[in-house]
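Work through the exercises below with the structure open. Each task is followed by a solution in steps.

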There are 2 protein chains.
Amino acid sequence: MQIHSAIPDLRHALRNHGRVVFVPTMGNLHDGHLSLMVQAREHGHTVVASIFVNRLQFGPNEDFEKYPRTFEADCEKLREADIDLLFAPTEADLYPERQQYYVDPPGIQNQLEGEVRPGHFRGVATVVLKLFNIVQPQVAVFGKKDYQQLMILRNMTRQLALPIEIVGGETVRADDGLALSSRNGYLSPSERSEAPRLYRILSGIREAVLAGDKDFERLERAATVELDSHGWKTDYVAIRQQSDLQVPLAGNNPLVVLAASRLGTPRLIDNIDI
Amino acid sequence: MQIHSAIPDLRHALRNHGRVVFVPTMGNLHDGHLSLMVQAREHGHTVVASIFVNRLQFGPNEDFEKYPRTFEADCEKLREADIDLLFAPTEADLYPERQQYYVDPPGIQNQLEGEVRPGHFRGVATVVLKLFNIVQPQVAVFGKKDYQQLMILRNMTRQLALPIEIVGGETVRADDGLALSSRNGYLSPSERSEAPRLYRILSGIREAVLAGDKDFERLERAATVELDSHGWKTDYVAIRQQSDLQVPLAGNNPLVVLAASRLGTPRLIDNIDI
């Protein structure tokens with residue numbers, strides 16, 4: 001596996017490299033990330049991963065400095081996953097000057113995850129566009145666990161006419177349904193046994209909607225009450241359109257149910273396509 | 001010369017095409033545009049021009065529908081200029097859905113030209129990024145007459161890590177110094193003989209600054225008074241830093257003097273590097 005931090009070195013290494021599949025990450029890799037690497041391999045000849053903790057997507061109340069950085073362990077995992085090339089820029093490589101030109105996503109950037117993380121998706125969209133311009137992949141893979149991020153990046157890519165196919169990687173779950181996340185490590189043993197409730201509740205909503213229940217607001221409210229009565233502090237449970245995460249209007253647009261809730265210290269998110 | 005309107009056709013035609021130089025235009029071509037085509041030829045193997053009147057960069061008070069469209073005459077000029085490929089998308093090709101993802105330039109987008117044209121540079125930056133993503137040139141040429149546009153696109157390209165060299169094409173002038181512009185056609189004969197005053201005044205400021213005059217505000221004010229006393233209605237005369245068009249602070253950053261003023265119906269703009 002080659003490792004580059006300088007943009008010209010990376011571009012040189014990628015010349016004449018056939019179909020490039022790209023998996024951007026912020027490092028601190030777990031099995032969820034590694035399953036994206038496996039899916040990436042199915043989509044092209046050369047798999048490029050990146051590790052970059054992106055200051056732009058951290059809010060004023062979020063601790064950029066304390067984000068876990070585990071570079072050596074990450075490299076070992078990427079080598080085992082047979083990644084061809086790792087792009088690991090420094091802050092000076094990617095932001096040699098203060099970033100002043102941003103990709104500005106539409107209003108959905110301020111809802112759901114964006115409501116508690118102002119500026120987050122603008123920072124995500126901008127860094128991913130820069131990474132795309134540097135790596136110039138034919139395919140890029142993002143986890144479906146961060147559904148709103150995946151939706152925004154998919155729509156950005158289409159609307160900015162980037163010649164890149166966006167692939168949503170399936171969420172990897174523990175046997176009891178809990179979605180894998182670096183944050184699960186902050187759960188106490190009793191919280192860990194409570195945590196799968198989030199997935200069970202989302203699955204229940206999915207079943208109810210498929211069985212014909214159209215009272216989405218009642219379903220969302222009931223799920224919030226159930227979570228909070230078991231010690232959660234719920235930010236949202238929301239049934240939305242898959243394409244743009246807007247509140248569904250009449251019609252048969254494909255739906256997704258998303259939730260974010262705090263259990264003890266960590267804030268867990270999850271979602272299921274309906 | 002090949003002509004394409006559909007994005008997939010264009011991409012196919014550009015495969016394996018060596019070093020591509022791109023000159024985006026809104027059509028209604030005059031000798032200023034054609035000089036950009038000549039300069040483009042010096043920078044690569046394949047010269048691609050585009051013609052697209054971009055709705056996004058027109059303000060609510062600007063008449064998108066009435067913008068002059070002279071497609072057949074433009075094609076003839078481009079053929080004579082030996083352009084290899086013309087990209088002439090329809091509105092449905094470039095905006096198949098309502099544009100919701102924008103490139104948002106920094107505050108300078110609301111000064112100078114941006115003060116009278118709110119949203120203009122956001123629209124310019126967004127369409128040029130889309131055109132770049134479609135054509136994927138190694139070099140792109142923009143006229144220095146639209147200096148603020150050139151500056152914003154140059155900084156956007158660098159900040160978004162696009163692998164594209166931005167070339168500023170020199171302004172073409174009539175023998176009396178008037179910068180070529182489609183708007184000159186709206187000048188009456190007496191206005192046409194008055195019009196070169198703009199360039200003379202900017203040249204005078206250039207000489208004064210080079211001779212050591214550092215009272216930029218007085219120079220700007222005097223120029224405005226002189227223009228307006230000859231029947232102009234001046235929006236601005238401004239001495240700025242070339243790199244970002246900010247008001248120059250202490251130091252020896254390269255400067256430019258820019259002006260916009262209405263003479264009769266048309267609004268003329270011009271600038272000179274100092």
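This is a predicted model: local features need pLDDT of at least 70, side-chain atom pairs count only at pLDDT 80 or more; totals for chains, interfaces and linings use all residues.

**Exercise 1. A salt bridge of A:Arg267**

Task: Which strands does the salt bridge between A:Arg267 and A:Asp235 link?

Solution. Step 1: The N to O distance between the two side chains is 2.6 Å. Step 2: A:Arg267 is in strand S10 of chain A and A:Asp235 in strand S8 (residues 232-241), 32 residues apart. Step 3: A:Arg267 counts as buried at 9% relative accessibility, whereas A:Asp235 is partly exposed at 40%.

**Exercise 2. An aromatic pair in chain B**

Task: What is the geometry of the ring pair B:Phe58 and B:Tyr67?

Solution. Step 1: The whole structure holds 10 aromatic pairs over all chains. Step 2: In the pair of B:Phe58 and B:Tyr67, the ring centres are 5.7 Å apart and the planes stand at 85 degrees. Step 3: Planes over 60 degrees apart count as edge-to-face, so the pair of B:Phe58 and B:Tyr67 is edge-to-face. Step 4: B:Phe58 is buried, with 16% relative accessibility, and B:Tyr67 is partly exposed, with 22%.

**Exercise 3. The relation of the two chains**

Task: Which rotation superposes chain B on chain A, and why do the copies meet through the same surface?

Solution. Step 1: Chain B is superposed on chain A by a rotation of 180 degrees with 0.0 Å of shift along the axis, at an RMSD of 0.0 Å. Step 2: The two copies are therefore related as by a two-fold rotation axis. Step 3: In chain B, the C-alpha nearest this axis belongs to B:Val103, at 2.3 Å. Step 4: Of the interface residues of chain B, 100% are also interface residues in chain A, so the copies meet through the same surface.

Terms used:
Residues are numbered from 1 along each chain as its sequence is written. Chains are lettered from A and ligands numbered from 1 in the order in which they are written. Side-chain values use heavy atoms; hydrogens and water are left out. Copies are superposed by least squares on the C-alpha atoms of residues with pLDDT of at least 70 in both. Contact means heavy atoms within 4.5 Å. Rings of Phe, Tyr and Trp (its six-membered ring) pair if their centres lie within 6.5 Å; planes under 30 degrees apart count as stacked, over 60 as edge-to-face and the rest as tilted. Buried means under 20% relative accessible area, exposed over 50%, partly exposed in between (1.4 Å probe, protein chains only). A salt bridge is a side-chain nitrogen of Lys or Arg within 4 Å of a carboxyl oxygen of Asp or Glu. Helices (H or I, at least four residues) and strands (E, at least two) are DSSP runs, numbered from the N terminus.
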